[in-house]
Amino acid sequence: MAERTAARLAAGAAAGCVGVGVAAVTLAVVAGPGPGLTGYVSEAGVVGSGYAWTYRIGVFALATALLLLAAALRSGDRGPRVAAGLLVASGLATLLSGAVTCSAGCPLPPFERATVADLVHGGASIAATAAVVFAMITIVLAPTARRPLRRIAVLAATVALPLAGAVGLAMLFAGRGSLVGVLERLLLAVAALWGLATALTLTAPRPAVTPTAPAKRTTRPPWPTGPSVPSGRRRDDPQR
């Protein structure tokens with residue numbers, strides 16, 4: 001009982017952190033001096049930007065949300081526990097992404113020349129997003145996962161998988177631009193919505209299971225039963 005209560009509290013805190021993180025990152029991206037939809041979301045956190053710390057606070061809040069959501073899922077069975085491990089990896093990678101900022105434009109190969117910080121930041125961001133998508137798939141494939149969690153994961157994974165593939169291909173063959181910018185924002189929005197929906201689902205109390213009473217067993221006598229014989233008359237009496 002105490003474990004379920006702790007899981008619900010962790011899930012509620014995770015939902016709050018998702019809201020704070022999304023709000024802060026959105027404010028930094030929209031109000032900051034970034035290139036809009038033609039650039040990466042991470043460009044809002046470049047050193048020197050007026051909203052750099054707003055962006056980083058939002059990223060750290062999202063990393064905290066991932067770790068709290070992992071703690072809430074660890075109270076479940078084997079399937080959600082594997083997803084919890086993936087969310088821990090995603091949360092740590094998100095922390096690294098927020099701690100190491102990229103240079104102006106957040107350049108990445110093969111079209112742009114990147115610094116070590118750019119590679120660390122970009123690699124951590126990609127790993128964090130990929131781990132979240134794999135966590136969705138893990139819950140979908142876990143036969144013992146709670147049905148509401150599986151439904152949310154099925155819907156999110158159905159949208160996130162093609163988006164993740166499209167982002168990867170666009171980064172390799174098109175490079176930085178409006179295509180990658182739009183696809184990246186859509187993928188991050190799906191991941192955030194999945195995290196929020198999963199956390200809110202985990203805050204709901206589970207229905208109490210009422211134990212069923214065992215069925216009563218009827219015992220038969222060890223001898224065959226037949227029609228009753230009137231008292232005073234033998235069974236082999238021919239006048240029966």
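User: How many salt bridges are there?
Analyst: This is a predicted model, in which local features need pLDDT of at least 70, side-chain atom pairs count only at pLDDT 80 or more, and totals for chains, interfaces and linings use all residues. Residues are numbered from 1 along each chain as its sequence is written, and side-chain values use heavy atoms, leaving out hydrogens and water. A salt bridge is a side-chain nitrogen of Lys or Arg within 4 Å of a carboxyl oxygen of Asp or Glu. By this rule the count is two.

User: How many residues apart in sequence are the parts that Glu43 and Arg176 tie together?
Analyst: The side chains of Glu43 and Arg176 form a salt bridge, at 2.8 Å from N to O. Helices here are DSSP runs (H or I, at least four residues), numbered from the N terminus. Glu43 lies in the loop between helix 1 (2-31) and helix 2 (52-73), and Arg176 in the loop between helix 5 (147-173) and helix 6, so the pair ties together parts whose separation in sequence is 133 residues.

User: Is Glu43 buried or exposed?
Analyst: Buried means under 20% relative accessible area, exposed over 50%, and partly exposed in between (1.4 Å probe, protein chains only). Glu43 has a relative accessible area of 10%, so Glu43 is buried.

User: Which residue forms a salt bridge with Glu184?
Analyst: Glu184 is buried, at 16% relative accessibility. The closest N and O atoms of the pair are 3.9 Å apart, and the partner of Glu184 is Arg185.

User: Which residues does Thr201 touch, not counting residues up to four places away in sequence?
Analyst: Thr201 is in helix 6 (residues 178-203). Thr201 counts as buried because its relative accessibility is 16%. Contact means heavy atoms within 4.5 Å. With residues up to four places away in sequence not counted, Thr201 touches Arg146, Pro148, Leu149 and Ile152.

Key: Helix = DSSP H or I, 4+ residues; strand = E, 2+ residues; numbered from the N terminus.
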